[in-house]
Amino acid sequence: MKALRSLTALAVIQVPILLGAAPIQVLIVDGQNNHKWEFTTPVLKHALEQSGAFEVKISTTPPKGAPASAWQDWRPVFRNFAVVVSNYNGQPWPEGVRADFEAYVRDGGGFVSVHAANNAFPEWKAYNEMIGVGGWGGRNEQSGPWLYVKNGKLFRDLRPGPGGAHGPQHEFVVEIQDSNHPITRGLPSRWLHCKDELYSRLRGPAENLQILATAKSDLTAEQEPNLMVIHHGQGRVMHTTLGHADYSMLDRGFYEILERGVEWAATGQVVLTEALPAEFPTEVKTSIVTLEGHPKQAAPAAK
Ligand SMILES: [Zn+2]
């Protein structure tokens, strides 16, 4: 009986906190990707909604090769959302949608770029400013410096070379580089992330950008950024390079940085998603999220 009473007391304390704030409105954009967006968008949605802090809607672009009329019908109203999460890497958006999105972020909308969303739109200047750095799509030294961290210092390498590389997928340790930011405050300084691609040699304008976390690349032997924040006009951007597949995202570390990053991009603070799950990964042990029906993707064997 005593245990029951204390449980009830706990519920009474916690419920008003969660009900006190209206959920943050989030729009996930998907529809084209060289990754299996049909499998990963539901994981992104689950990661956000299970926190209780967000209400998530999805806007799916027309598929590759769709007629112009299909694109005319795709016009998400970004300003109805506090934050837009991109799981998109495909054809350029129509000019009107690009203009809407630029105005949305410039005027204070939140934006979160996940994994291959930083491969998208190499020709779109404002988009590259928003993500700070990106990879592939012909990116090279003309796109901007390669950013990496060594001994806690940021390097901006302007030597010629392609932007974007990764080796075989593997588990790797995420290392916090700045624990004073709302997104990283209180997180363990190092944890083992589930099998993923470790993006390296990302290049871009890298203005108003802060690196929050890195991982040591098997290709470059440098600490490559995997969690960044960028200020673009009045807008806040969180950029994570993590999340190649659903099994990469079903990770309590990934869930936590996504929740925190989306809240921060929306509001500039991390309050609703601050609490850490009991089973946070450690430096030697991943912590896998169970989601019914997932993973749908099979991880490649270890090399
Ligand atoms: Zn990938």
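Start with helix H7, residues 252-267. This is a predicted model. H7 has 16 residues and runs 22 Å from its first C-alpha to its last, close to the 22 Å expected at 1.5 Å a residue. Is H7 mostly covered or mostly open? Mostly covered: 14 of its 16 residues are buried.

Step off the end of the helix. Gly268 follows H7, and its phi is positive, near 85°. Carry on into the segment after H7 and select Pro295. A cis peptide bond joins His294 to Pro295, with omega at about 0°.

Which residues of H2 are buried? Colour Trp37, Thr40, Thr41, Val43, Leu44, Ala47 and Leu48. Look down the axis of H2: these buried residues fall within an arc of 165°, so they line one face of the helix. The spacing follows a general rule. An α-helix has 3.6 residues a turn, so residues three or four places apart point the same way.

What do the buried residues of H2 pack against? Show strands E1 (24-30), E2 (54-60), E3 (83-86) and E4, plus helices H6 (246-249) and H7.

Keep H2 and H7 on screen together. Two packed helices are described by the angle between their axes and the distance between the axes. Angles of 65 to 115 degrees count as roughly perpendicular, so H2 and H7 are roughly perpendicular to each other. Display the side chains at the contact. H2 supplies Leu44, Ala47 and Leu48, while H7 supplies Tyr255, Leu258, Glu259 and Val262. Six of the contact residues are nonpolar, none is polar and one is charged.

Next, visit two loop residues with positive phi. Select Phe121, in the loop between strand E4 (110-114) and helix H5 (125-131). Its phi is near 50°, a positive value in a residue other than glycine. Is Phe121 buried or exposed? Phe121 counts as buried because it has 23 C-beta neighbours inside 10 Å, and the cut-off for buried is 20 or more.

Then jump to Ala221, in the loop between strand E9 (209-216) and strand E10 (223-232). Phi of Ala221 is near 65°, again positive in a residue other than glycine. Ala221 has 11 C-beta neighbours inside 10 Å and therefore counts as exposed.

Select Gly90, between E3 and helix H4 (95-106). Gly90 has 19 C-beta neighbours inside 10 Å, so it counts as partly exposed. Leaving aside neighbours within four places in sequence, its contacts are Gly31, Gln32, Asn33, Thr61, Lys64 and Ala120. Draw a distance from Gly90 to Thr61: they are 29 residues apart in sequence and 9.5 Å apart in space, C-alpha to C-alpha.

Finish at Trp136, in the loop between H5 and strand E5 (146-150). Trp136 also has 19 C-beta neighbours inside 10 Å and so counts as partly exposed. Which residues does Trp136 contact, leaving aside neighbours within four places in sequence? Asn119 and Gly164. Last, draw a line from Trp136 to Ile211. They are 75 residues apart along the chain, and their C-alpha atoms are separated by 20 Å.

Technical notes:
Residues numbered from 1 in each chain as written. Predicted model: local features only at pLDDT ≥ 70, side-chain atom pairs only at ≥ 80, totals over all residues. Axes fitted to C-alpha atoms, helices over the stretch in contact; angles between N-to-C directions. Helix = DSSP H or I, 4+ residues; strand = E, 2+ residues; numbered from the N terminus. Parallel < 35°, antiparallel > 145°, perpendicular 65-115°, else oblique. Contact = placed C-beta atoms within 7 Å. Nonpolar A, V, L, I, M, F, W, Y, C, P; charged D, E, K, R; others polar. Expected span 1.5 Å × (residues − 1). Buried ≥ 20, exposed ≤ 12 C-beta atoms within 10 Å, placed from the backbone. Arc of directions from axis to C-beta.
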